[in-house]
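I opened the notebook to look up a few residues and the packing around them. My entries follow the order in which I looked.

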Amino acid sequence: MTDRGDWGRRLQTDRPHSARVWDYLLGGKNHYLVDSQAGDLILRTFPEFAALARVQRRFLVRVVRFLARDAGIRQFLDIGTGLPTANNTHEVAQGIAPDSRIVYVDNDPIVLAHADALLRSTPEGVCAYLDADVRDPQKILAQAAGTLDFDRPIGLMLLNIMGQISDEEEPERIVAELIDALPPGSYVALSDGTDTSEELKAAVEGYNAQSVHTYHLRSPERIGSFLHGLELVEPGLVRSAEWRPDTDSADVPREQGHAVAVVGVKK
């Protein structure tokens, strides 16, 4: 855990933060007025955004369930964790396999402040939290090695995080560095918003104009290319709601479908 001495300076309650705005859109309580105002601005431009956020959250539950139950993964590296809510990665994974080990990674100070909620592991398993930025994959990998065994398969979670990386910051390179460190048999789950809606693009532009963080919508094909070299798990690159849907994710309207998901395995 990082030193929290500069926590107040990093919090920046005068500008929206992505984790806090996401929390507001998901119906949480860990945000400030500036975050709810930014969320309302998004909703005025793209009213389906809150529903899209819920679709993305349900994908997290399904993919962790798949990794723990069907793929036998017992180690998870969740980068871009966001604020704790219901059905966090460790809750889903350890509900299936109590000995699962989870490392959460985020660089938002409000997530750090609530990290204790992410560390309530089963006695058989382990949960750890790293205050780190996805833009520094080598730091993440080095610190995660204190909890995870990189000689055994790992489930790497990159959900709604690579959209926060601009093209100038080389998202493909970042993902490639992370994948390169994973042993064979590891899985990578990736999901992000797409540039397939003019209304959504306008909403994100408005958000970017006032937020500490910016979000970068990309084409589905570009998002899928981040997992180049991996063998894709069926059904491949699809709308998030269509990745192995269950009763909670069926019949999602197209307006809520401007996000894609893909899972790949390293052979």
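**Entry 1: His114**

I looked up His114 and found it partly exposed, with a relative accessible area of 27%. Buried means under 20% relative accessible area, exposed over 50%, and partly exposed in between (1.4 Å probe, protein chains only). I noted that this is a predicted model, where local features need pLDDT of at least 70 and side-chain atom pairs count only at pLDDT 80 or more, while totals for chains, interfaces and linings use all residues. Residues are numbered from 1 along each chain as its sequence is written, and side-chain values use heavy atoms, with hydrogens and water left out.

I placed His114 in the loop between H6 and E3; helices (H or I, at least four residues) and strands (E, at least two) are DSSP runs, numbered from the N terminus. Leaving aside neighbours within four places in sequence, His114 is in contact (heavy atoms within 4.5 Å) with Asn30, Leu83 and Pro84.

**Entry 2: helix H9**

I checked residues 198-208, helix H9, and found Leu200, Ala203, Val204 and Tyr207 buried. They cover an arc (of the directions from the helix axis to the C-beta atoms) of only 95 degrees around the axis, so they lie on the same side of H9. On the other side of H9, I found Glu198 and Glu205 exposed.

**Entry 3: the largest nonpolar core**

A nonpolar core is a set of buried Ala, Val, Leu, Ile, Met, Phe, Trp, Tyr and Cys residues joined through side-chain atoms within 4.5 Å. The largest one has 33 residues, and Val63 is among those that touch the most other members. I noted that H4 gives the largest share of this core, eight residues.
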